[in-house]
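The stops below go one by one.

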Amino acid sequence: MVATGEPRIAARFAALKAEKRSGLITFLTAGDPNMETSLEVLKALPAAGADLIEIGMPFTDPMADGPAIQRANLRALKAGVTVKKTLAMLTQFRKTDQMTPVVLMGYYNPIHAYGVPAFLKDAKAAGCDGLICVDVPPEEDQELALPTRAVGLSFIRLATPTTDAKRLPKVLQNTSGFLYYVSLAGITGVGAVDPAAVAAAVQRLKAKTPLPVAVGFGIRTASQAEAIARVADAAVVGSALVDCIGEAAAGGKKPAEIVASAAALTRELAGGVRRASRQ
Amino acid sequence: MKQIPNTFKAGPDENGHFGIYGGRFVSETLMPLILELEEAYRAAKADPKFQAEIDYYNTYYIGRPSPLYFAERLTKHLGGAKIYFKRDELNHTGAHKINNCIGQILLANRMGRKRIIAETGAGQHGVATATVAALFGLPCTVYMGEMDIERQQPNVFRMKLLGAEVKPVTSGSRTLKDAMNEALRDWVTNVADTFYIIGTVAGPHPYPAMVRDFQSIIGKEARQQMMDAEGRAPDSLVACIGGGSNAMGLFYEFLDDAAVKIYGVEAGGHGIETGQHAASLTGGVPGVLHGNRTYLLQDADGQIIEAHSISAGLDYPGIGPEHAWLHDAKRVTYTSITDTEALDAFQMCAKLEGIIPALEPSHALAFVKKLAPTLPKDHLLLMNLCGRGDKDIFNVAKALGTKI
């Protein structure tokens, strides 16, 4: 059966629950270090153990991201990636994979420039399941969250350590698919996750929402992924993978070698996640 | 949008929108912080003690009111409108930026914040922030693009003398927009104790309205001073615009004076047609960056394009959202001036009036040079001379091919 939109995400989390384990969500920047290699990395991720994939849409001014993803954005922009090319990459991926949920993640301006209705229509047609937009908070829901849900895509919101009990209902209100908990106040790829603090935060969130809770920021190693997988429904790894791709590309590695490095790291992280079986 | 149609002074609405512009486009980590800031500012604004503190520093520290000066020789030279300068270049630290910094640091104090951060382009806002941080004994970190550090060495040294840490920004285009990205990254990492002093009428709500309020003393004083000098309000206003804080400071008071013509002057760099400029209204389209919707220099894919101006203070690919709204509403006429025209005006002002203006208001002056001769002699033209040019002499010398 081919699922689309919200069902593909829901189906994946249901399957994880049945397997009594947490999921691995991997992030890559579209077009990093170039379109062809990036597509091959994307295709290799599910077999290496990625349960859900986030594709970053490059932006010149990624103000919530640390140096690793900033560099990835610049590499991708230099390689000429655009929103259209990112969606085309997803279309190609869907020819080989109908089951892995894919979430597009980025900043609002490139979507704004593309036009929200056109973007949502094209993203859905390309096989996107959900959207994470870093700089559109609940206060601006009519801009993007509501139109996204109206076309049947998930709008995945971030909750953070600064999201207190008073604010949480507002964050949850129009969130769908899953909730992304940002493990630390800060930018991506800087600092290390504190599993005990995360466990408490996830419990607090789960008391208020039936949605699965994924945790990201500060997870780089298999053992960190394992620790988070014990307490959350999924662990998100971004900067570590992006660094792996960036270093391989900078070292002059061939596309096949870059793909192999990214797949190897993904297998290692997936191993960590799978060691943490849940009841 | 809950604007009362017969006023231009009611904005923003409760969500920080000026028409379709403005808003609060920030990450979730920052949302609680800007909501708290908005609440604290609302309370401060209603507290006479807060205003009294601002008044005290305005008078005894900044040196306000700044004079309204009749530029007689310039008026004769151009042979048209009667030209007045609002001399905010005589403020402590040499520009209008300090008006806003005093307001924000007093608010930071009320909120119990222990650390100050800021972004800077030309270094004027960085110097003003470092100044108030020194005055109130708070540690201060200023983010500045590597490119700007190279071209504004005197201000970098000033900030260091004032005890601030100047952090070079090496990401992106290494100019003001990247400094703002980096300041936001700092803020999101140090949420518990840090106050971010934004230097212009941009950023997420409440910054555009708050900075405008702190700068609006320029227009309030100017109205009274013009009444004293001429017995009536000015006929037209001219100010330069990067983010647009000195312009909003002058314009706001007069927005509902229908007879007053208002001109905002953007930086045309090498010329709009070359694509190398910083004129967001003239050469940009609406988008979302740094917390607000406004006109931005961007490509068809929504990627931000680097701005260019000889003046580092105008070298920003966006503009305050209230200006975007006033542009669409056609209340203010926005135009642009090239690097070369600004350089000519810079030299003219020095020779005719004995005032070395900053390169930023030299753009306003270059437009005055075009406008004044077309107007009658009883026309009162008021220009905001918002900064002095000491910081620019090295760059101007370089541009003129002079070794100093």
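Is B:Asp88 buried or exposed? Select B:Asp88 and look: this residue is buried, with a relative accessible area of 0%. Keep in mind throughout that this is a predicted model.

**Stop 1: around B:Asp88**

B:Asp88 sits in the loop between strand S4 (82–86) and helix H4 (97–110) of chain B. Show its side chain. One polar contact runs to the side chain of B:Ser66, at 2.8 Å. Another runs to the side chain of B:Arg64, at 2.9 Å. Now widen the selection. Leaving aside neighbours within four places in sequence, B:Asp88 also touches residues including B:His96, B:Asn99, B:Ile218, B:Asn384 and B:Cys386.

**Stop 2**

**Stop 3: the nonpolar core**

Select A:Phe178, A:Tyr180, B:Leu107, B:Trp187 and B:Tyr196. These have the most contacts inside the largest nonpolar core, which has 87 residues. Colour chain B by domain. Domain 1 (17–58 + 97–211) and domain 2 (64–94 + 215–399) of chain B both give residues to this core, so the core lies between them.

**Stop 4: where the chains meet**

Show both chains as surfaces. Chain B and chain A bury about 2800 Å² between them, 52% of it on carbon and sulfur atoms. In chain B, the residues that lose the most area to chain A are B:Glu28, B:Arg185 and B:Asp301, together 24% of what that side buries. The contact takes 37 residues from chain B and 36 residues from chain A.

Switch to polar pairs. Across this interface there are 19 residue pairs in polar contact. Which element gives the most to the side of chain B that touches chain A? It is H8(B), with 8 residues.

**Stop 5: salt bridges across the interface**

There are 3 salt bridges across the interface of chain B and chain A. Select A:Glu143 and B:Arg293 for one of them; the closest N and O atoms are 2.6 Å apart.

Next, pick A:Arg167 and B:Glu28. They form a salt bridge, with the closest N and O atoms 2.7 Å apart. A:Arg167 lies in the loop between strand S6 (158–159) and helix H8 (168–173) of chain A, and B:Glu28 in the loop between S2 and H1 of chain B, so the pair joins two chains. A:Arg167 counts as buried at 7% relative accessibility. B:Glu28 is buried too, with a relative accessible area of 5%.

**Stop 6: a pair within chain A**

Over all chains, the count comes to 43 salt bridges. Finish with A:Arg230 and A:Glu226, which form a salt bridge with the closest N and O atoms 2.4 Å apart. A:Arg230 is partly exposed, at 46% relative accessibility. A:Glu226, at 16%, counts as buried.

Definitions and conventions: Residues numbered from 1 in each chain as written. Chains lettered and ligands numbered in written order. Predicted model: local features only at pLDDT ≥ 70, side-chain atom pairs only at ≥ 80, totals over all residues. Heavy atoms only, no water. Core = buried A, V, L, I, M, F, W, Y, C linked by side-chain atoms within 4.5 Å. Buried < 20%, exposed > 50% of the residue type's maximum accessible area, 1.4 Å probe, protein only. Domains from an automatic or database assignment. Contact = heavy atoms within 4.5 Å. Buried area = accessible area lost by both parts, 1.4 Å probe. Salt bridge = Lys/Arg side-chain N within 4 Å of Asp/Glu carboxyl O. Polar contact = N/O pair within 3.5 Å; in protein donor to acceptor, adjacent residues only side chain to side chain. Helix = DSSP H or I, 4+ residues; strand = E, 2+ residues; numbered from the N terminus.
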